[in-house]
Amino acid sequence: KADRGRTGGYTLTRGDRIPPLILGPTEATAIVLGLLTVRELHFPVDPVATQTALALIQRVLPDVVLAHVRALERSISFLTPWYATGRRPPNDELMSTVVASIADRRAIEIVHQREPHPATRREIEPWGVVCNDGVWYVPAHCRLRNDTRTFRLDRISSARLLQSHFEVPSGSDPTTAVLRSLSAANLDREPLILEMQTRLSHAQELVAGIVGTFEEADGVVRFTSADASPTWALDIVLHAPCSLRVLSPSSLRDRLKTISRRALSLAAGERA
């Protein structure tokens, strides 16, 4: 409703449609950057919806702000991250169902398959959604196993909301649950062990987001992790701005030897 007069204004109730938003250059930049990131990094949102939202925002912007936003679109580029290569983003309808389940505390029935095992139909109680290394996970209580499980969204072919409700266990943290699950799955793999000649705070910045332990002595920091992906570890070793040594795994050292031989051949002008 609207009140007339100098002290009047509009009162909007939830669900009302509002007129075009009034955005300055900073606000418009923030929104457009967010939508571009969602589109280019393959977030689980319908690409058509993302593009439509961009077009709607641009349609109502003043000329000066619109020129700024279009310049931003022309000048910004996204290099496809290594973790997105060859990976199928989760279905946006599936993500919507999972989010609705979390918001309403309603269980969902899913069809889940982890190759080479057969697909299983199970009821789960999701706690949250976590993206790690470009893969989307759902930590949940699995009613079939009567235990906590972590499910990859790209391994779920269908999901539907159930009428039954649930309570999230006290103290449950989705990120911690996913990282613990990944660490447990990697117990049979050689851990990543790096010795970095740098400050402890710098070493922690280099491996931020990866679960592991640090030991510091005589200017050298030893980092040990059972959670680091091989591709991530290779990227860190090749680009870390400090002197370091790879103690484990042997597969990472073998990969570095292969890259070194190829680099030496290319540097000598040879075909490699």
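Trainee: What does the secondary structure of the protein come to?
Mentor: Eight helices and 12 strands, in a model that is predicted.

Trainee: And how much of the protein is buried?
Mentor: Of the 272 residues, 32% are buried.

Trainee: Why is F223 called buried?
Mentor: F223 has 0% relative accessibility, and buried means under 20%, so F223 counts as buried.

Trainee: What makes F214 partly exposed, then?
Mentor: Its relative accessibility is 29%. Partly exposed lies between the 20% limit for buried and the 50% limit for exposed, so F214 belongs in that class.

Trainee: Those two residues form an aromatic pair; why is the pair called tilted?
Mentor: The ring centres of F214 and F223 are 4.9 Å apart, and rings pair if their centres lie within 6.5 Å. The planes are at 40 degrees. Stacked needs under 30 degrees and edge-to-face over 60, so this pair is tilted. The structure holds one aromatic pair.

Trainee: Which residues have the most contacts inside the largest nonpolar core?
Mentor: They are L192, L194, M196, W232 and L252, in a core of 20 residues. Among the elements giving it two or more residues are strand 9 (192–197), strand 11 (220–225) and helix 8 (250–267). Helix 7 gives the most, with five residues.

Trainee: What is M196 in contact with, leaving aside its neighbours within four places in sequence?
Mentor: Its partners include A203, L206, V221, F223 and L244.

Trainee: What does the second core include?
Mentor: That separate core has 14 residues, among them M95, I108, W136 and A140.

Definitions and conventions. Residues are numbered from 1 along each chain as its sequence is written. This is a predicted model: local features need pLDDT of at least 70, side-chain atom pairs count only at pLDDT 80 or more; totals for chains, interfaces and linings use all residues. Side-chain values use heavy atoms; hydrogens and water are left out. Helices (H or I, at least four residues) and strands (E, at least two) are DSSP runs, numbered from the N terminus. Buried means under 20% relative accessible area, exposed over 50%, partly exposed in between (1.4 Å probe, protein chains only). Rings of Phe, Tyr and Trp (its six-membered ring) pair if their centres lie within 6.5 Å; planes under 30 degrees apart count as stacked, over 60 as edge-to-face and the rest as tilted. A nonpolar core is a set of buried Ala, Val, Leu, Ile, Met, Phe, Trp, Tyr and Cys residues joined through side-chain atoms within 4.5 Å. Contact means heavy atoms within 4.5 Å.
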